[in-house]
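Please consider the model shown below before reading this briefing. The points that follow it are grouped by topic.

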Amino acid sequence: MVKRLLAGVWLLSAAVWAEPPLTVAVTASFKPVLEALSEPFTQASGRSFRLVSASTGVLSQQILSGAPFDVFFAADRAHPQQLLKALGLPDDRVQTYALGTLVLVTQDPAVKSLADLRDYTGRVIIANPLQAPYGAAADQLLDQLGYSGTRVRANNVSQARQYLSLNLAAVGLTAASVAQDLPGVQSIDPALYPVLEQQLVVLRRSDQAVALLAFLQTAPAVQVLRDFGYREPAQP
Amino acid sequence: MILDAIGLTLRLAGTTTLLLLIICMPLAAWLASTRSRAKPWVESLVALPLVLPPTVLGFYLLLIMSPNSQIGAAWVELFGQSLAFSFWGLVIGSMAYSLPFVVQPLQRTFEGQGAFIAEAAHTLGAHPWQTFWAIRLPLALPGLIAASVLGFTHTVGEFGVVLMIGGNIPGQTQVLSILLFDQVESLNYALAHQLAGGLVLSSLLVLFCLYRWNHQSAIRIGG
Amino acid sequence: MKFSIQGAWHQHQLDFQGSFAPGERVALLGVSGAGKTTLLRLLAGLDRLPQAQAQIEIAGQALGRAWQSPASLMHQQPVMFAHHRVEQTVLFGARFRPAAHRLPLQEWAQALDLTDLWQQPCAQLSGGQQQRVALLRTLMSQPAWLLLDESFAALDDLRRVRACEVVADYCRRTGAGLVLASHNDSPQRILCDSAYTVDRLSGSYQPKLFDRLNRVNTEGGMTTLLGRAERLAQGFLAVLVDQQPLYLAVPERWQPGPARISLDASEISIALGDQHQTSMVNRLRVTIDSLLPIEGERVAVGLRLDQQSFVATISLWSWQRLQLVLGQTVFAEFKVAAVQWHGQAH
């Protein structure tokens with residue numbers, strides 16, 4: 001009897017482990033969060049996922065060309081909506097999973113707060129507005145503040161962070177999630193920039209995908225989200 | 001925006017090629033005639049950018065340009081901001097990237113001159129420098145032109161290094177290849193087509209002219 | 001020029017030792033591949049051995065790099081600079097060493113038949129033209145030692161004599177010395193006095209060139225005699241060799257004074273007594289010195305004048321028919337055409 005039970009458990013876990021991990025495409029800015037959630041997810045559900053990361057624009061491009069991702073965590077609304085149309089997917093495949101926050105990173109004594117940017121002549125690093133919603137938001141914010149200096153456009157928020165960590169410029173605006181351990185981080189009032197609604201697309205439906213989405217709603221997961229500088233999506 | 005990018009690309013390629021020629025001519029002449037033990041080392045270093053992914057080059061350049069390094073810090077001292085994201089930063093990156101494309105054809109040209117050319121001048125009393133200016137350089141003119149064209153077109157096509165160290169600043173570091181990338185990623189295929197098509201056609205034209213001129217020169221000398 | 005070279009060179013052992021007086025004219029002798037070019041290149045400073053193995057001193061100074069040395073090498077294959085014209089390249093030669101002497105460039109250019117080619121691009125010259133241009137260019141650089149590696153190989157007989165005379169003129173004006181390798185030994189017979197023989201990368205010196213060149217050997221060959229050009233007689237030039245007159249076709253240029261002529265062994269026949277045969281204008285009284293059988297049923301006979309000897313090759317049958325013996329006094333007869341003029345380079 002015990003033997004049969006053991007064999008059954010063994011077979012079940014084998015079946016579970018035999019499941020290929022989810023392939024999750026994630027925008028550079030959200031990658032740290034999913035990385036942090038990887039262990040807890042596996043522990044909670046016995047399932048796993050592997051991450052492919054790039055900017056939202058690049059990943060969208062790849063998906064349109066047939067890349068085999070299961071779920072795509074984008075950094076905006078626009079790209080998931082585009083993909084929905086392009087791939088002819090039903091509306092319920094898209095949902096908002098987080099609200100992004102922008103932070104100011106400054107090591108220049110001339111810039112102590114956002115307002116100082118109006119007269120600042122040095123370079124400011126942002127992500128590429130054409131490809132990264134964080135970049136677009138930062139660009140708009142700088143316009144509003146009246147900044148007229150040189151905007152260095154990194155390819156994505158991660159590269160923006162890399163530039164800042166190497167001190168290639170003293171000031172930058174990038175996603176809170178990637179700026180975690182940089183010195184000189186200041187939070188910015190969310191009202192000052194357009195809402196950075198981050199949506200995901202379930203490209204291939206599966207039990208695992210459902211499990212992942214459910215896991216993201218749990219309290220521990222939400223806490224991790226907040227720790228990384230995101231806000232939970234507004235309750236519908 | 002497009003015109004800016006074209007102008008910038010041409011300026012970058014022109015500056016890079018000119019500076020490379022100045023450095024590479026003596027280097028190639030030395031490589032062609034030396035029997036020193038250092039030769040394979042130097043040749044390997046020169047050939048590195050051919051085999052390394054541009055991301056490696058870009059990575060090391062970023063580290064060097066950062067004020068965290070001595071060189072980067074010195075530059076910031078002098079100029080107030082880092083070498084990265086500037087035209088001259090791109091020039092340095094492009095010079096490293098296109099180095100083998102200028103050195104190698106030049107080296108082959110000088111090697112093709114044979115050892116006796118320099119020997120004949122030396123035995124008449126001409127010092128190596130005098131030999132270089134009066135004999136080897138004028139004889140190397142066709143090779144010089146080929147090396148320039150190759151270096152120039154290669155720099156025009158540069159992408160990976162610029163992507164890492166450029167900062168994509170319109171008018172300053174947004175070269176054609178980067179502009180094209182931007183358009184593709186934003187799904188602006190119409191503009192992307194124009195840019196890509198233009199690059200292909202112009203490169204083809206330049207290369208064709210070069211090879212045809214080579215061919216005609218060969219016929220002239222042979223005849 | 002003093003040199004002592006003993007060391008390994010490309011898996012071979014070198015052993016060259018010698019000392020040449022300033023202005024000496026040395027013929028570099030040896031078969032193909034014996035190492036003549038190797039030696040010339042070492043003396044020019046183009047190839048270098050470590051100091052411990054090679055001590056070379058030229059004009060009193062240790063040999064440094066090629067461009068520091070007062071010796072100039074003319075390569076076996078003439079090296080032309082394709083972007084030069086003839087005038088340009090000849091004057092290029094004059095740019096780097098101090099011009100200690102004024103040289104008659106125009107006169108030499110004429111003697112070498114280069115005046116018509118003066119503005120010709122060097123890349124369009126024939127082999128012989130290139131050689132003459134390279135020679136003139138080398139002379140214009142005023143070296144104290146000329147190292148000539150087959151520098152006359154592409155020239156026909158007439159041009160060869162002229163080129164040698166130009167070189168002789170240069171040496172006379174500047175006191176320069178000369179080391180000359182040539183597979184055709186005419187230039188050496190015209191110009192040189194002593195010899196350095198190279199055999200399998202080691203060398204030895206002989207102060208008298210013609211002792212070496214004129215030896216009786218199985219090839220017969222040519223012997224060079226030193227004489228004095230005297231006068232014109234019956235439409236020929238008379239040259240006195242050991243007090244006896246020799247007649248040859250009048251050369252393009254000659255003047256009374258020391259001259260060299262060479263005799264082709266196969267064109268000489270031996271006669272007894274006083275019978276005159278009118279077609280043989282030359283008739284020398286000689287003593288039979290030596291005898292050496294050679295192939296083809298022939299013998300090489302060494303014939304002695306007063307101080308000098310030369311070789312004649314005749315058939316074994318003739319030797320026996322005339323009943324010739326060593327020590328016998330006979331007459332050597334040969335046509336005017338058998339005498340080759342080898343200049344007045346001294």
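The model is predicted, and local features are described only where pLDDT is at least 70. Two pairs of chains touch, and the pair formed by chains A and B has the most contacts. Chain A and chain C do not touch.

**Contacts between chains**

- The contact between chains B and C draws on 14 residues of chain B and 15 residues of chain C.
- On the side of chain B that touches chain C, the elements giving two or more residues are helix 6 (115–123) and helix 7 (128–139) of chain B.
- Helix 6 of chain B supplies the largest share of that side, namely six residues.
- By class, the side of chain B that touches chain C consists of eight nonpolar residues, five polar residues and one charged residue.
- Between chain A and chain C, the nearest C-alpha atoms are 50 Å apart.

**The sheet of chain A**

- Chain A contains an open sheet of five strands in the order 2-1-3-10-4, and the pairing is mixed.
- Strand 2 (49–54) and strand 4 of chain A form the edges, each pairing on one side only.
- On average, neighbouring strands of this sheet are turned by 20° against each other, with direction ignored.
- In general, the strands of a sheet pair through backbone hydrogen bonds, in either a parallel or an antiparallel manner.
- Strand 1 (residues 22–27) and strand 3 (residues 71–73) of chain A are parallel and share three bridges.
- A:V24 is located opposite A:V71, which belongs to strand 3 of chain A.
- Helix 7 (residues 207–217) of chain A lies across strands 1, 2, 3, 4 and 10 of chain A, and it runs at about 45° to strand 1 of chain A.

**Helix 4 of chain A**

- Which residues of helix 4 (residues 78–87) of chain A are buried? They are A:H79, A:P80 and A:L83.
- These residues lie on the same side of helix 4 of chain A, because they cover an arc of only 100° around the axis.
- The buried residues of helix 4 of chain A pack against helix 3 (56–64), strand 4 (94–100) and strand 10 (196–202) of chain A.
- After helix 4 of chain A comes A:G88, which has a positive phi near 65°.

**A helix pair in chain C**

- Helix 2 (residues 86–93) and helix 4 (residues 127–140) of chain C pack at an angle of about 30°, and their axes are 6 Å apart.
- Helix 2 of chain C contributes C:V86, C:T89, C:V90, C:F92 and C:G93, which meet C:V133, C:L136, C:R137, C:T138 and C:M140 of helix 4 of chain C.
- The contact of helix 2 with helix 4 of chain C comprises six nonpolar, three polar and one charged residues.

- Most residues other than glycine have a negative phi.
- C:D242 is not a glycine, yet its phi is positive, at about 50°.
- C:D242 lies in the loop between strand 12 (236–241) and strand 13 (244–249) of chain C.
- Is C:D242 buried or partly exposed? C:D242 is partly exposed, because 17 other C-beta atoms lie within 10 Å.
- C:Q323, also a residue other than glycine, has a positive phi near 55°.
- The loop between helix 8 (316–322) and strand 19 (329–334) of chain C holds C:Q323.
- C:Q323 has 8 C-beta neighbours inside 10 Å and therefore counts as exposed.

Definitions and conventions:
Residues are numbered from 1 along each chain as its sequence is written. Chains are lettered from A and ligands numbered from 1 in the order in which they are written. This is a predicted model: local features need pLDDT of at least 70, side-chain atom pairs count only at pLDDT 80 or more; totals for chains, interfaces and linings use all residues. Two residues are in contact if their C-beta atoms, placed from the backbone, lie within 7 Å. Helices (H or I, at least four residues) and strands (E, at least two) are DSSP runs, numbered from the N terminus. Ala, Val, Leu, Ile, Met, Phe, Trp, Tyr, Cys and Pro count as nonpolar, Asp, Glu, Lys and Arg as charged, and the others, Gly among them, as polar. A residue is buried if 20 or more other C-beta atoms lie within 10 Å of its own, exposed if 12 or fewer, and partly exposed in between; C-beta atoms are placed from the backbone. The arc is that of the directions from the helix axis to the C-beta atoms. Two strands pair if DSSP finds at least two bridges between them. Axes are lines fitted to C-alpha atoms, for helices over the stretch in contact, and angles run from 0 to 180 degrees between N-to-C directions.
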